[in-house]
Amino acid sequence: MANMSCVIVVLIVWIAMAAIAESKIEEVKNWKDNLSLGEEKMTKLHFYFHDILSGKKPSAVQIAQGKDTDKSPTFFGVLMMADDALTEGPEPTSKLIGRAQGLYGSAGQESLGLIMSMSFGFTEGVYNGSTLSVMGRNAAMKPVREMPIVGGTGVFQLARGNAVAKTHWFDGTTGDAIVEYNVTVLHY
């Protein structure tokens, strides 16, 4: 009789756990409905990204490379760490509005294709303290290229969108570049 009581208790516990698990599954499915995020907004940003490899204080430095990177026409295997200025205008003296911090590396063997993992951190105005995360391929030799915005913080909570980049200026000798960005993000 004691064995039967144990079986019944185990069965009751199992049924209760299954019911709890089912309610948790519904909570996970509907997580967004439980957040107090307000209305979704769209924000469009325009700024310039200054990637400086030369001089006494470069904003991007090489941190690694593959054994055959020096032989590659696309610098395949090079990895760079960046802390690049984001400004209102293309001039290096233009108002600083934030920094692009992260990694980019050459991932293309046949054509230059940079894989970027960057955080655009803003330091001015209503966006001060907020970030946008860019993660994707940058076909740097194309006149215009598009990369995904995969997240954000602060004002850009739960951001998603795209960043359209266009090279404004490039020095083929030093590798220095100024890139114009037009960013569109959906966020809460």
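Q: Why does His-187 count as buried?
A: In this predicted model, buried means under 20% relative accessible area, exposed means over 50%, and partly exposed lies in between (1.4 Å probe, protein chains only). His-187 has 1% relative accessibility, so this residue counts as buried. Residues are numbered from 1 along each chain as its sequence is written. Because the model is predicted, local features need pLDDT of at least 70 and side-chain atom pairs count only at pLDDT 80 or more, while totals for chains, interfaces and linings use all residues; side-chain values use heavy atoms, with hydrogens and water left out.

Q: What makes the link between the side chains of His-187 and Thr-43 a polar contact?
A: A polar contact is a pair of N or O atoms within 3.5 Å; within protein, one must be able to donate a hydrogen and the other to accept it, and residues adjacent in sequence count only if both atoms are side-chain atoms. The two side chains make such a contact at 2.6 Å. His-187 itself has its place in strand E9 (residues 177–187), strands being DSSP runs (E, at least two residues) numbered from the N terminus.

Q: Why does Val-61 count as partly exposed?
A: The relative accessibility of Val-61 is 38%, and therefore this residue counts as partly exposed. Val-61 is found in strand E2 (residues 60–64).

Q: Why is the pair of Phe-49 and Tyr-181 called tilted?
A: Rings of Phe, Tyr and Trp (its six-membered ring) pair if their centres lie within 6.5 Å; planes under 30 degrees apart count as stacked, over 60 as edge-to-face and the rest as tilted. By this rule the count comes to nine aromatic pairs. For Phe-49 and Tyr-181, the centres are 5.5 Å apart and the planes stand at 50 degrees, so the pair is tilted. This pair links distant parts of the chain, with Phe-49 in strand E1 (residues 41–51) and Tyr-181 in strand E9, 132 residues apart.

Q: What makes the pair of Phe-120 and Tyr-181 edge-to-face?
A: Here the ring centres are 5.4 Å apart and the planes are at 80 degrees, so the pair is edge-to-face. Phe-120 lies in strand E5 (residues 114–122), 61 residues from Tyr-181 in strand E9.

Q: How do you know that Tyr-181 is buried?
A: Tyr-181 has a relative accessible area of 1%, so this residue is buried. Phe-120, at 0% relative accessibility, also counts as buried. Both belong to one aromatic cluster, whose members include Phe-47, Phe-49, Phe-120 and Tyr-181.

How values were computed
Helix = DSSP H or I, 4+ residues; strand = E, 2+ residues; numbered from the N terminus.
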